Amino acid sequence: MLRAELRKLLPYRTAWVILVLYAVLLAIFVSVGGNVVINGQRVGQTLYAFPAVWSKLSYAASYFNMLLSILLIILITDEFQFRTFRQQVINGASHLDLIQGKMAVSALLTLFGTTAVLIIGFYFGLTRAPETAAAATTNLSAVALYAVQALGYLALAALLAFLIRRSGAAILLFLLYSWVVEPLIRFSLPDELDRFFPMKILASLTPTPGQEMLDTVTGPNGSFTATEALPFAIGYIGLFWLLSYALLRNRDL
């Protein structure tokens, strides 16, 4: 199934446009980040110093997961629009094969995003803060947590694509849920409950840089730490793909 997915993905121009946008926009964001002024002082090279650059870069990259998620929604809904899922089943593929193919695409998109983060991090770290190069491979666990977060975003995007089947509506619902619906629901709930919501769990994997210092001033924000959120994130990823499989198996292709 991976070979079949690659045959569809590699010649797809829209996919390359979105992937290039992801890498270029993230690189530009990181490049201009050193010019930001906080409390009258320019952030400068401290932004790129190892090993802290990995947690900062993973946090910045978390906002670009939306692009990868939108791409996966387009890829899945195209299968419904052009009835290629139906044709694959007629040719002998099972529903499980179809889901595994999209899980493989999700893994490839995550691999692309993680590789882009590593390349950008090493480039800016080694060129703008070379004196910290000895710590270049320290704290890479932050990038690994970003990879799990990307898998979570993509699993939710896939579920909505299998549910809605139309790219525009699925993308709109994905953005509304991520940015409006879940935050509004969480707003009315105590911290003991709202930290279990999927987008909050995924956000906890790449916490805001300096959150520990902020907590000492404002008090704990009630979110899980990245380590605490990890098993819940993996659970949500499995749940979303299981629900996608159930939808695909029980609906007309």
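How many aromatic pairs does the structure hold? The count is 16. I'll come back to some of them. Before that, one caution: this is a predicted model.

Let's start with the overall build. The protein has twelve helices and two strands. Read from the N terminus, the order is α-α-β-β-α-α-α-α-α-α-α-α-α-α. So much for the parts list.

Now the dimensions. Along the principal axes, the C-alpha atoms fill a box of roughly 60 × 45 × 25 Å. The accessible surface of the protein is about 13100 Å². Carbon and sulfur atoms own 68% of that surface.

What about contacts along the chain? Take the contacts between residues at least 6 apart in sequence. Of these, 78% join residues at least 24 apart.

Back to the aromatic rings. Take Tyr 48 and Phe 124. This pair is stacked, at 5.6 Å centre to centre, with 20 degrees between the planes. Where do the two residues sit? Tyr 48 is in the loop between strand S2 (41-42) and helix H3 (52-62), while Phe 124 is in helix H6 (residues 95-128). The pair therefore ties together parts that are 76 residues apart in sequence. Buried or exposed? Both Tyr 48 and Phe 124 are buried.

Next pair: Trp 54 and Phe 122. Their ring centres are 5.0 Å apart. Their planes stand at 75 degrees, and the cut-off for edge-to-face is over 60, so this pair is edge-to-face. Again, distant parts of the chain are linked: Trp 54 is in helix H3, Phe 122 is in helix H6, and 68 residues separate them. Trp 54 has 0% relative accessibility, so Trp 54 counts as buried. Phe 122 has a relative accessible area of 27%, so Phe 122 is partly exposed.

There is also an aromatic cluster. Its members are Tyr 22, Phe 29, Phe 64 and Phe 112.

Let's stay with helix H3 for a moment. Which residues in H3 are buried? They are Val 53, Trp 54, Leu 57, Ser 58, Ala 60, Ala 61 and Ser 62. And what covers them? The cover includes H2, helix H4 (65-81), H6 and helix H7 (141-164).

Now to the surface. Val 17, Val 20, Leu 21, Val 24, Leu 25, Ile 28 and Val 32 form a nonpolar patch there. Together they have about 550 Å² of accessible area. Pick out Val 20. This residue is in helix H2 (residues 13-33). Its relative accessible area is 46%, so Val 20 is partly exposed.

One last stop: Gln 88. You'll find Gln 88 in helix H5 (residues 84-90). Is Gln 88 buried or exposed? Relative accessibility is 15% here, so Gln 88 counts as buried. What does Gln 88 touch, leaving aside neighbours within four places in sequence? Gln 88 is in contact with Met 1, Lys 8, Glu 79, Ala 93 and Leu 98.

That's the tour. Questions, please.

Notes. Residues are numbered from 1 along each chain as its sequence is written. This is a predicted model: local features need pLDDT of at least 70, side-chain atom pairs count only at pLDDT 80 or more; totals for chains, interfaces and linings use all residues. Side-chain values use heavy atoms; hydrogens and water are left out. Rings of Phe, Tyr and Trp (its six-membered ring) pair if their centres lie within 6.5 Å; planes under 30 degrees apart count as stacked, over 60 as edge-to-face and the rest as tilted. Helices (H or I, at least four residues) and strands (E, at least two) are DSSP runs, numbered from the N terminus. Buried means under 20% relative accessible area, exposed over 50%, partly exposed in between (1.4 Å probe, protein chains only). Patches are made of residues with over 30% relative accessible area and no salt bridge: like charges are joined within 9 Å, nonpolar side chains (Val, Leu, Ile, Met, Phe, Trp, Tyr) within 5 Å. Accessible areas come from the Shrake-Rupley method with a 1.4 Å probe; for residues, only the protein chains shown count as cover. A salt bridge is a side-chain nitrogen of Lys or Arg within 4 Å of a carboxyl oxygen of Asp or Glu. Contact means heavy atoms within 4.5 Å.
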